[in-house]
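Please open the structure in your viewer and keep the selection tool at hand.

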Amino acid sequence: MDQNKCVALLTAIDLGNLTRAAEQLGYTQSGLSYVIKTLETEIGFPLLVRSRAGVRPTDDCQRILPLLRALERKNRQLDEKVAAIRGLAVGTVSLATFPSISRFWLPQILRDFALQCPGITVSIRESGQEELDEWLREGAVDLAFCSHHKGSQNYWIPFLEDEIWAVVPQNHPLADCPELSLDQLANEPFILEDRAYDYDISRVIREAGVRPNVRWTSKDELAILAMVRLELGVSLMPALYLHEEHPGVTVRPLIPRAHRQLGASLPDPENLSPAARRFLISARKTMGVSR
């Protein structure tokens, strides 16, 4: 199978939109459609369902999608290995991560990596924990920067512990407390981060054995902060997102303290492409991870 056709198809599936995929790959939309049509002709069945909402893989395409991703990954690894033998550091790293990590970790990691390996491109996809796990499972990304959770079959490299904090409106009576327990928060209108987006908040609540009065849910940290600021309720949020000043809200540590572990998750360290391996080594150095 032609590697360029495989990449064209996978990019269209990952972005869910032919126009955006064409822009990313440097095609016209009609040109990309033609490439995918020729691939469908070679394979012998339709690969994409097209609609106003975009494109998605057909059921038959879903059956071969893991093999297509493995083929694309092996072709990429071959190109990178040949380049490495020739003394060149080239390739592409596909990284998945949380938006908060993209904002607070990645700029420094990318800066350091670009200085070391300017010929390697890093492609970043952002979402919550559930979709990150799915991308890793499907082979759609090389590795993910995320939080660790029990039951994951992936190889895990811890980077740091991130504390979970209580967030209350600035003028709320609880804002005067130096620290807060979940029992104090349980009866307040509660704004909960979507569990599919962040397992850790739900885990902390479950382990505390409390049942908060959940009135609102969201997967957007800025939306949650805005709701707290407008006194719609209280919430729990990771400290990583709260180091900046957020007017109108008060942040307090929990008693007992609660944390999540952040780091790198990947299916198999032995199977990493040369480019992804270089990136992971550089990221660990930037984050001060020795092992």
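Predicted model: local features only at pLDDT ≥ 70, side-chain atom pairs only at ≥ 80, totals over all residues.

**First stop: two helices.** Two packed helices are described by the angle between their axes and the distance between the axes. Select residues 106-116, helix α6, together with residues 274-287, helix α11. Their axes come within 9 Å and cross at roughly 125°, so α6 is oblique to α11. The crossing of these helices, α6 and α11, is right-handed. Now display the side chains: from α6, the contact includes Ile-109, Leu-110 and Phe-113, and from α11, Ala-275, Phe-279 and Met-287 are among the residues taking part. In the contact of α6 with α11, seven residues are nonpolar, four are polar and two are charged.

**Second stop: the core.** Which residues have the most contacts inside the largest nonpolar core? Select Trp-105, Leu-143, Phe-145, Ala-264 and Phe-279, which hold that place in a core of 34 residues. Elements giving two or more residues to this core include β3 (91-97), β5 (143-147) and α6. Helix α11 supplies the largest share, five residues.

**Third stop: two backbone points.** Most residues other than glycine have a negative phi, and most peptide bonds are trans. Select Ile-255 and Pro-256, which are joined by a cis peptide bond with omega of about -10°. Pro-256 is placed in the loop between β10 (249-253) and β11. Then select Glu-231, in the loop between α10 (221-229) and β9 (234-238). Glu-231 is not a glycine, yet has a positive phi of about 65°. Is Glu-231 buried or exposed? Glu-231 counts as exposed because its relative accessibility is 53%, and the cut-off for exposed is over 50%.

Technical notes:
Residues numbered from 1 in each chain as written. Heavy atoms only, no water. Axes fitted to C-alpha atoms, helices over the stretch in contact; angles between N-to-C directions. Helix = DSSP H or I, 4+ residues; strand = E, 2+ residues; numbered from the N terminus. Parallel < 35°, antiparallel > 145°, perpendicular 65-115°, else oblique. Left-handed = near helix turned anticlockwise from the far one by under 90°. Contact = heavy atoms within 4.5 Å. Nonpolar A, V, L, I, M, F, W, Y, C, P; charged D, E, K, R; others polar. Core = buried A, V, L, I, M, F, W, Y, C linked by side-chain atoms within 4.5 Å. Buried < 20%, exposed > 50% of the residue type's maximum accessible area, 1.4 Å probe, protein only.
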